[in-house]
Amino acid sequence: MSYLDYSLATSPAGWRKILHVHWPLVFLIGAVSSIGFLMLYSVAGGDLGTWAEPQMKRFAVGLIVMFVIGFTPIKVWKGLSVVGYVGTVLLLVAVELFGSMGMGAQRWLELGPIRLQPSELMKITLVMMLAAYYDWLDPQKVSRPLWVLIPVLLILIPAALVLKQPNLGTTLLLLAGGGAVMLVAGVSLWYFGAVIGTAIGLVSAVFESRGTSWQLIKDYQFRRIDTFLDPSADPLGAGYNIMQAKIALGSGGWSGKGFMQGTQSQLNFLPEKHTDFIFNTLAEEFGFVGGISLLALYVLIIGFCFLSAFSNRDRYGALVTYGIATAFFLLIAVNMGMVMGMLPVVGVPLPLVSNGGTAMIILLMGFGLVQSAHIHRPR
Amino acid sequence: MRRAQHLVVEASRQMTRRGFLLGSLQGAFIGALAWRMRQLQIEQAGEFQLLADENRIKIRLIPPARGLIQDRKGVLLAGNEQNYRITIIREDTEDVPGALADLSRLIALSDEDIAKLIAEIEKRSPTLPITIADRLTWEEFSRVAVNAPALPGVSTEVGLSRIYPHRGDFAHVLGYVGPVSDYDLSKMENPDPILQIPKFQIGKLGIEAKLEEVLRGSAGVKRVEVNVRGREMREIDRREGDAGANVVLTLDARLQNFLIARLGAESAAAVAIDLEAGDILAIGSAPTFDPNLFVRGISSADYALLTENDHRPLADKTVQGAYPPGSTFKMVTALAALEAGVVSPGETVYCPGFTQLGDRKFHCWRRGGHGHVDMERSLEQSCDVYYYEIAQRVGIDRIAEMARRLGIGVKHDLPMSAVSEGVAPDKLWKQTRYGKDWIIGDTLNSAIGQGYVLASPLQLAVMAGRLATGKALSPRLIKALDDVPLPKPEAPPLGIPEAHLAAVRGGMHAVMNGNRGTASASRTVDASVVMAGKTGTSQVRNISAAERAAGVTRNEDLPWERRDHALFVCYAPYDAPRVAVSVVVEHGGGGSAVAAPLARDILLYALFDGLPPLDVYPSAQREKMRELLEKMPLADPSTFTTGGISRA
């Protein structure tokens, strides 16, 4: 038995962990983030300092965090799951009580120089909590009503708190992300059918409530839905953003208008071009080729996570990996669906590419967990 | 907790199956995303590219350069200058007071200006550019342009703006331009889209207004790339428009300058006509105003000064003003009587100082009367009774007909604003106008140019010119359009027998050169510029019998607005007439004392094409004339150079 065979057969320790890091995943994350830096440089009109440079710094910090988390044994994280979950829920409560208002919603907690957005952290800790729960639970009991009710509550408590902020986008991501972990954990498909049926009923109720005293969501949220359903009806009002976004994307054509040549983004017709609509700048300047390439990189990231999960015999590690990959997928799906006019505008950034500090670091923390599960998987 | 091995394996397998299920769902959605991307970027790309171009490309009109206006010698009367201005768009400026404070360090902006601007900016639409400063120097303009990146919302613009280098000299005849108003647009049926350009200037008055279509030119078009706020980022391409056509006028800038200076502070008008083709050499109304003030947007204080002045600087007295011509009308009455054969030039009429008509007395201006006067003496001394007598013989209708032949009571077609027709009254006119029968007293008043008769200074100059030449001269102002000279019109003969004209001209010669001529004080002593003329003093009030008995109040003792108008018409040289001049001085007093010297000096300037030599004046007047001419505030000769100011 050579040294290498030996080292692969047992969980690595110390510096040898470096050999067991999922390097393709790291490089893909770096590639996608680099595309982000490039686009942030472009939308700032060729200026590094506006968005690209701070984003690079955050990425560097996030990368260190990822490796620190990744090199820490997965058992440690499993042990911290409950604490993390409870702590994040408490932070959400704190936001509710002391948080800062931004865009009509309470989302941030100002802790000295740090601006903490617990709803972002919740995406990770919820996945960890659910993974720990299913790791602990006897697989034969997963579909029993009482044992289904517990994870449902674990999901609904933070989801309700985030909805209260209000942040519809993150709420839906928490629900879908949590649901995905439950699905992978083996909860009977009948439950999912029931939930989907109920959701359809609920959506009808939301629409029924419009304009009545018991209106369930805010007016601006209704307007976003209206805009989604028919963006051209009010092209200078609420539908303006999505119309301009589609024009930017569509006018890119096959190969795009060239780096920094996107008229929609460079002339500011495209709104929120450095955050939610950054994909449209990419698609305008690099065309279908550029857009599909980024999508392919995303598919590879998600695919590698799934492959890692398939081969991981540790139930907690696999569940966390599925959960993180799904959360990542949901961000991509909701953002790209939104900017291409397939989903309503809910204000979800494009992961690793959109400008934004918390989201970038949280994502890299999540990938840190994936690395940890991968490095410390049972041999 | 221990689990049976097979259960662990089963759970692991189930998780892998569910993982596949989840992965498939995700893959399906990503497939949908890719399909959507293909749909938007490949199938509908053309459509979206069109929409993107529609967003970014705006078509802007390029205002054409307005046609220049030049005098007969090519001196620029109305030109265009580069106008550097600074505008602000509130929406693009976060801190308007701050931006203005920054600007005040670059250009002259007082705190008061800033307060006014802030008030205006707050009032207007946040997306419209509002002019902060206009007509900056190049240095100021470039200082702001260099600092533009630090001044969001502030932009620099260059445009063409009308300039009148001779200021007040041509104010009434040229008029002025100003920004298009909603009122202007409401009057037009199919407004040229060019008029929508902010601050586009159109002619508001005078030649600028009448020749608007010639001077305006046609707009060019440029395609520019704009950002979401409509700010121009770059120009894609352009097609220049056509500049407006240049207009060459018959006017002479130096003569006009002299005329305005000579009228001085009087409320007066003067017209000089070249007798070859009816070219108007100078046409000026005093006091005047600076049309550049109106181009720039006149302040309410300046405007109030103009409107409150009792000498009415804004009124164009040359063509809009209609005055009782007084004794200058006597040639009309004389020619009408000669043509009717009711009087011969040598026939005398006795003037006792008045004519008794029923119980009314019509006085001659000379209380003691003129004794026996023939036609020449009647004109020389301006005897009123002679005309009372012959007017009764000829009747008003023939007098009116002669007046119209000589150019009074008809509208001369000139590109100026509100050209007056004057009034040559006859029986039908009074019936139509007042619904009253003509009475004989009206005829007597009309015979001496009082009563209903009204003539503009232009008409009086045309009359003098027609008398001098015997031709139906038509005044004209435009010498060439778009560099094509207009043909000189051939004036048809008036159809008045030469003998009749000679009799009247002889009288006019005596007015200036006879011993007792009413304007003999204004005669010339040079044989080459012998003048013929006629004085006129028209009353603007009725003199009651009681007042007359007590002695008519002297003009100097009356308030200004009740004094008589002073008039004079003349031409020269007597035997080969070249130029005719008319002068009307509102409430000036006597025609001989006030109007005649003005008319003489203008006429001489026109004949000599500059200041006349002093020896044309009687020796006793030379010293006084030298002093007067030297002191005249004439413009610097350099302002009359041709081609000195190019099209900007």
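Residues are numbered from 1 along each chain as its sequence is written, and chains are lettered from A in the order in which they are written. In this predicted model, local features need pLDDT of at least 70 and side-chain atom pairs count only at pLDDT 80 or more, whereas totals for chains, interfaces and linings use all residues; side-chain values use heavy atoms, with hydrogens and water left out.

The contact between the chains takes 56 residues from chain A and 37 residues from chain B. The buried area (accessible area, 1.4 Å probe, that two parts lose on being put together, summed over both) is about 4000 Å², and carbon and sulfur atoms give 73% of this area. B:Met15, B:Arg18 and B:Gln41 supply 17% of the area that chain B buries against chain A, more than any other three residues.

Over all chains, the count comes to 40 salt bridges. One of them joins the side chains of B:Arg72 and B:Asp279 at 3.3 Å, N to O. This pair links distant parts of the chain, 207 residues apart. B:Asp279 counts as buried (under 20% relative accessible area, with exposed over 50% and partly exposed in between; 1.4 Å probe, protein chains only) because its relative accessibility is 3%. B:Arg72, at 24%, is partly exposed.

The side chains of B:Arg393 and B:Glu347 meet in a salt bridge at 2.8 Å, N to O. B:Arg393 lies in helix H15 (residues 384-394) of chain B, and the two residues are 46 residues apart; helices are DSSP runs (H or I, at least four residues) and strands likewise (E, at least two), numbered from the N terminus. B:Arg393 is partly exposed at 28%, and B:Glu347 is partly exposed at 29%.

B:Ser285 lies in strand E12 (residues 280-286) of chain B and is buried, with a relative accessible area of 1%. B:Ser285 and B:Asp316 are 31 residues apart in sequence and 5.8 Å apart in space, C-alpha to C-alpha.

Notes
Contact = heavy atoms within 4.5 Å. Salt bridge = Lys/Arg side-chain N within 4 Å of Asp/Glu carboxyl O.
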